[in-house]
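Please look through the sequence and the structure, then read on.

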Amino acid sequence: MSMLAPLRLLREPWNASEGNQSNATAGAGGAWCQGLDIPNELFLTLGLVSLVENLLVVAAILKNRNLHSPTYYFICCLAVSDMLVSVSNLAKTLFMLLMEHGVLVIRASIVRHMDNVIDMLICSSVVSSLSFLGVIAVDRYITIFYALRYHSIMTLQRAVVTMASVWLASTVSSTVLITYYRNNAILLCLIGFFLFMLVLMLVLYIHMFALACHHVRSISSQQKQPTIYRTSSLKGAVTLTILLGVFFICWGPFFFHLILIVTCPTNPFCTCFFSYFNLFLILIICNSVVDPLIYAFRSQELRRTLREVVLCSW
């Protein structure tokens with residue numbers, strides 16, 4: 001096993017001895033407890049794809065003045081958060097490959113220091129990504145329900161304060177997590193934060209979907225065309241399912257892993273679940289790949305700017 005591993009502090013419970021963990025895993029039995037051997041090349045490939053995608057999003061938003069609005073600033077910050085996930089993953093993978101092939105020889109103390117830095121970077125990007133997903137949901141909610149007052153509610157100054165607050169909170173929380181990772185209260189706060197974001201997005205998007213259905217139903221009844229209502233409801237339900245489904249699938253296993261660390265660190269079946277930690281990291285990286293497709297590339301203006309960026313027509 002490589003000495004450099006991302007989130008090693010959360011990979012397995014600290015209040016269970018190595019022998020107990022091995023016995024528990026053996027007791028659970030079967031190849032299921034061996035986890036998945038995910039090659040470093042897969043981490044590297046997904047990290048590169050995510051990095052390129054999110055770099056394009058940031059470049060397009062910076063280039064086009066029509067995209068200089070709070071909504072796209074939040075999307076830009078989400079892209080930067082996802083880039084941090086990609087950069088930390090790429091750094092970790094490259095160091096592992098270089099060390100495994102003997103190309104890079106570093107003292108153990110330096111490796112541990114680098115490990116802590118990468119852990120902090122990953123934790124900060126996780127918290128900021130979750131935060132900006134919630135901020136984008138709130139921004140969309142204000143856009144729909146307070147359309148006439150949107151520019152007075154979501155001013156540029158408030159948007160800047162929101163973005164600065166998220167980055168500051170992410171940095172502080174990641175530092176606290178790395179420093180006091182043995183305290184269950186810290187993990188409970190992180191789990192509570194995820195559940196809060198899940199409930200927030202669920203309530204806001206379902207409320208927005210209900211309002212959209214009500215408007216379409218009203219228009220359909222006036223025009224006596226119920227087919228329009230059914231088609232729009234189906235599209236809205238699909239969009240809602242994609243938004244919440246991707247969020248839960250990509251983030252849920254990682255936070256369920258944290259819940260098991262707190263609740264059943266020595267249980268054989270929980271120990272088996274811990275062995276799939278790398279798979280949960282892959283899902284988080286996949287979320288960084290999918291986010292631009294959901295939140296950025298659906299904008300026609302941004303897609304047009306992306307084409308200009310790709311064609312280098314600055």
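Of the 314 residues of the protein, 46% count as buried, where buried means under 20% relative accessible area with a 1.4 Å probe and protein chains only. This is a predicted model, in which local features need pLDDT of at least 70 and side-chain atom pairs count only at pLDDT 80 or more, while totals for chains, interfaces and linings use all residues. Residues are numbered from 1 along each chain as its sequence is written, and side-chain values use heavy atoms, with hydrogens and water left out.

The secondary structure comes to 12 helices and 0 strands, these being DSSP runs (helices H or I of at least four residues, strands E of at least two) numbered from the N terminus. Among contacts with a separation of 6 or more, 84% join residues 24 or more positions apart, a contact meaning heavy atoms within 4.5 Å.

The unreviewed UniProt entry lists residues under "transmembrane region", including 42–62 and 159–179; such annotations may be inferred rather than shown by experiment.

| Span | Helix | Strand | Distance between end C-alpha atoms |
|---|---|---|---|
| residues 42–62 | 100% helix | 0% strand | 30 Å |
| residues 159–179 | 100% helix | 0% strand | 30 Å |

The axes of helix H3 (residues 40–63) and helix H4 (residues 70–100), which are lines fitted to C-alpha atoms over the stretch in contact, come within 8 Å and cross at roughly 150°. H3 is therefore roughly antiparallel to H4, a term for angles over 145 degrees. The residues of the contact of H3 with H4 divide into 19 nonpolar, 7 polar and 4 charged, with Asp, Glu, Lys and Arg counted as charged, Ala, Val, Leu, Ile, Met, Phe, Trp, Tyr, Cys and Pro as nonpolar, and the others, Gly among them, as polar.

Key. Axes fitted to C-alpha atoms, helices over the stretch in contact; angles between N-to-C directions. Parallel < 35°, antiparallel > 145°, perpendicular 65-115°, else oblique. Buried < 20%, exposed > 50% of the residue type's maximum accessible area, 1.4 Å probe, protein only.
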